[in-house]
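Colleague: I would like a close look at one part of this model. Please take the aromatic rings and then what surrounds them.

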Amino acid sequence: MIRTLRNPAVALGALCCTLFATGTALAQQDKGKAVYDKVCVACHSAGIAGAPRLGDAKAWAPRIKTGIDTLYGSALKGKAPAMPAKGGATDLPDADIKAAVDYMVAAAKDGGSGAAATAPAAAAPAAAAAAATKPRPAALSFNRLLKPASKRNPPPPEDGIHDPQNDGTHALQPPLQVFESLPRSNAGNRVDWVKALDNNLIAPRWDRTDPAAAPVVMDLNIVREVKGSMPDVVYPHKQHTAWLDCSNCHPQIFIPQKGANQISMAAILLGQKCGVCHGKVAFPVSECRICHSKKKNVMPVKNAQAN
Amino acid sequence: MRLRHPRAPWRSALALVAAVWIGSIGTSGEARAEYADVVINNYSDAAGMRPVIFPHWFHRIRFRCKVCHADLGFQFKAGGNEINMVKIIDGQFCGACHNGDIAWSVENCNLCHSGKPGTPTQVHESTIQKLAIQPQAGGQQ
């Protein structure tokens with residue numbers, strides 16, 4: 001070893017090899033995580049149908065003992081009672097599925113014996129890897145007050161509100177399992193609920209017990225002229241009466257008479273008027289133009305003189 | 001607090017701990033549950049149960065707003081309905097469906113009572129909660 005190190009060229013080569021190997025290992029790990037986040041997470045996060053949960057050392061230990069090839073086999077071909085072949089993502093190449101298995105096995109070992117025991121063989125390049133993967137302090141994050149995309153719609157045990165110590169938490173449905181089949185939006189649950197209903201992707205009951213009951217939808221738009229430069233508000237009864245009863249809004253929140261209601265964005269932000277639902281359960285106030293949608297008839301501005 | 005009670009440092013210390021604790025619940029970046037998840041903690045903490053978390057997203061796939069908010073009389077206010085287990089067992093509020101007939105029954109305590117102990121009553125991710133500067137610590141009603 002000492003002799004090797006005396007030769008700078010060989011030493012450099014060895015270093016490069018180590019770095020390259022580390023790089024590939026990291027890339028492989030990232031791929032495994034990506035596949036896990038996309039496919040496996042649906043069951044292996046919450047432990048649905050007996051699936052061993054990610055990082056649950058106890059559940060994984062007997063499985064790991066059977067050998068990595070057995071695990072690869074189970075993942076690729078499926079396993080009774082509930083594991084489908086390739087976790088249902090049959091279009092993925094075998095290598096991706098294997099990477100995901102590696103990722104979950106590594107996570108289980110992490111969970112069991114601490115982060116230090118991840119890969120004893122990789123102890124030497126660990127220092128270099130740590131420099132590359134070390135998470136930046138929160139103070140340096142791109143927008144420290146904004147929720148990053150990776151933290152949207154987490155499964156209940158990871159959402160910070162549900163108690164992961166509670167067995168019931170793990171039986172709850174992870175939202176993404178449903179949301180992936182629904183039209184997306186840019187805010188709220190990131191689901192366009194109105195579109196989901198219009199396209200018959202969901203069939204929420206209008207009556208508690210009668211699945212056939214249907215609402216009487218009222219198709220009437222109310223235009224509210226607003227001060228300032230924002231486009232006027234068009235309020236559609238149609239989308240609202242598809243979900244709600246007249247008595248939900250009238251007369252307590254809105255007097256059913258044109259011009260009788262004082263509405264301001266300040267009131268809405270504080271949870272009054274439209275804000276009783278919008279900003280709590282219906283799409284939030286960040287989606288200005290869904291409501292402010294009618295262009296004003298502005299007098300043409302003579303700007304010839306300005307030029 | 002400190003100015004008014006210079007001789008009771010434990011009070012300011014307690015207030016500080018409480019402020020940090022409440023702040024960590026209401027404003028921490030940790031909590032990232034679904035938009036419109038309602039935490040109801042009117043009586044749970046005091047009764048030694050976990051707070052209830054009601055997922056709007058799950059229910060609105062199955063029922064329109066009208067069923068609960070018009071037919072069953074749920075007010076549009078988190079914690080504003082004074083729901084307790086007796087009412088539920090008697091078929092009011094959640095009990096109108098969670099009766100073993102339309103939906104699973106009350107014996108599944110931990111499916112509803114699944115919140116972290118001490119989580120205050122709130123509409124999660126509501127506009128007021130999302131303001132960068134909190135109007136008050138500990139979220140809102």
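Which residues do ring pairs link into a cluster?

Modeller: This is a predicted model, in which local features need pLDDT of at least 70, side-chain atom pairs count only at pLDDT 80 or more, and totals for chains, interfaces and linings use all residues. Residues are numbered from 1 along each chain as its sequence is written, chains are lettered from A and ligands numbered from 1 in the order in which they are written, and side-chain values use heavy atoms, with hydrogens and water left out.

The cluster consists of Phe179(A), Trp193(A), Trp57(B) and Phe58(B), linked by ring pairs. Rings of Phe, Tyr and Trp (its six-membered ring) pair if their centres lie within 6.5 Å; planes under 30 degrees apart are stacked, over 60 edge-to-face, and the rest tilted. Over all chains, the whole structure holds five aromatic pairs. One of them is Phe179(A) with Trp57(B): the centres are 5.2 Å apart and the planes stand at 80°, so this pair is edge-to-face. Phe179(A) belongs to helix α8 (residues 175–179) of chain A and Trp57(B) to helix α2 (residues 56–60) of chain B, so the pair joins two chains. Helices here are DSSP runs (H or I, at least four residues), numbered from the N terminus.

Both Phe179(A) and Trp57(B) are buried. Buried means under 20% relative accessible area, exposed over 50%, and partly exposed in between (1.4 Å probe, protein chains only). Trp57(B) also pairs with Phe58(B): centres 5.7 Å apart, planes at 80°, so again edge-to-face. Trp57(B) has 4% relative accessibility. Phe58(B), at 25%, is partly exposed.

Now a charge over a ring. The charged end of Arg60(B) sits over the ring of Trp243(A), 4.7 Å from its centre. The rule asks for NZ of Lys or CZ of Arg within 6 Å of the ring centre and within 35 degrees of the ring normal.

Next, the wider interface. Chain A puts 56 residues in contact with 46 residues of chain B; contact means heavy atoms within 4.5 Å. The count of salt bridges between chain A and chain B is one. Asp163(A) forms a salt bridge with Arg50(B), with the closest N and O atoms 2.8 Å apart. The cut-off is a side-chain nitrogen of Lys or Arg within 4 Å of a carboxyl oxygen of Asp or Glu. On the side of chain A that touches chain B, α7(A) gives the most, with four residues.
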